[in-house]
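Me: I have just opened this one and would like to go through it slowly. Could you help me with the helices?

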Amino acid sequence: MWPDPRVSKFVQDNFIPARVHVKDDAQKFVEYGDKYGAQWTPTVLQLDPKGEERARIEGFLPTDDFLAQLMLGRAHLAFGMGQWDDAERRFREVVEKFPNSDAAPEALYWAGVAPYKKTHDPASLGATAKAFKERYQGTPWAKKASIWG
């Protein structure tokens with residue numbers, strides 16, 4: 001299903017993949033398109049066990065950017081289920097493995113929020129604000145974290 005084996009492995013290890021092809025199953029495509037507001041192909045949705053959308057990727061991306069977005073979405077799934085330690089680990093993994101991707105600044109932001117959600121100790125927020133002063137300055141995520149430092 002995925003041409004890059006890294007993507008295939010990540011999807012198989014982390015999701016229950018389902019594919020609705022616009023030409024092969026037009027009725028389901030319309031049904032899911034309406035339900036989830038998918039207006040373009042490809043649209044990759046990452047749903048939690050209740051079927052709630054936690055992340056979305058629209059359009060094609062180079063492999064590393066796509067994999068970073070998949071990993072970011074998986075981290076958001078853990079965050080949305082209150083799995084704070086797993087979410088933080090997964091967000092940090094995006095920053096470590098794909099530091100130059102568009103996903104990395106967002107992942108850094110949420111990596112600081114996850115421990116705060118767990119403990120309500122603002123130290124992780126301050127550390128995140130400091131980290132943004134060293135990298136990803138000028139991104140919307142750095143601006144959002146600026147109030148913490």
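Me: Which hand does the crossing of α3 and α5 have, left-handed or right-handed?

Reply: The crossing of α3 and α5 is left-handed, a term used when the near helix is turned anticlockwise from the far one by less than a right angle, with clockwise being right-handed. Helices here are DSSP runs of H or I with at least four residues, numbered from the N terminus. Please keep in mind that this is a predicted model, in which local features need pLDDT of at least 70 and side-chain atom pairs count only at pLDDT 80 or more, while totals for chains, interfaces and linings use all residues. Residues are numbered from 1 along each chain as its sequence is written, and side-chain values use heavy atoms, with hydrogens and water left out.

Me: At what angle do α3 and α5 pack?

Reply: They pack at about 15°, with axes 11 Å apart, where the axes are lines fitted to C-alpha atoms over the stretch in contact and angles run from 0 to 180 degrees between N-to-C directions. That makes α3 roughly parallel to α5, a label for angles under 35 degrees.

Me: And which residues make the contact?

Reply: On the α3 side they include Leu-72, His-76 and Phe-79, and on the α5 side Trp-110, Val-113 and Lys-117 are among them; contact means heavy atoms within 4.5 Å.

Me: How many residues of α5 are buried?

Reply: Twelve of its 17 residues are buried, so α5 is largely enclosed by the rest of the structure; buried means under 20% relative accessible area, exposed over 50%, and partly exposed in between, with a 1.4 Å probe and protein chains only. Those buried residues pack against α3 (63-80), α4 (84-97), α6 (123-134) and α7 (140-145).

Me: What comes just after α5?

Reply: His-120, which takes a positive phi of about 65°.

Me: Changing topic, which residues touch the most other members of the largest nonpolar core?

Reply: Leu-70, Phe-91 and Phe-132 do, in a core of 35 residues, defined as a set of buried Ala, Val, Leu, Ile, Met, Phe, Trp, Tyr and Cys residues joined through side-chain atoms within 4.5 Å. Helix α3 gives the most to this core, with ten residues. Leaving aside neighbours within four places in sequence, Leu-70 is in contact with residues including Val-7, Phe-10 and Ile-57.

Me: Last one: where does Arg-89 lie?

Reply: Arg-89 lies in helix α4, and Arg-89 is partly exposed, with a relative accessible area of 45%. Arg-89 and Ala-75 are 14 residues apart in sequence and 8.0 Å apart in space, C-alpha to C-alpha.

Definitions and conventions: Helix = DSSP H or I, 4+ residues; strand = E, 2+ residues; numbered from the N terminus. Parallel < 35°, antiparallel > 145°, perpendicular 65-115°, else oblique.
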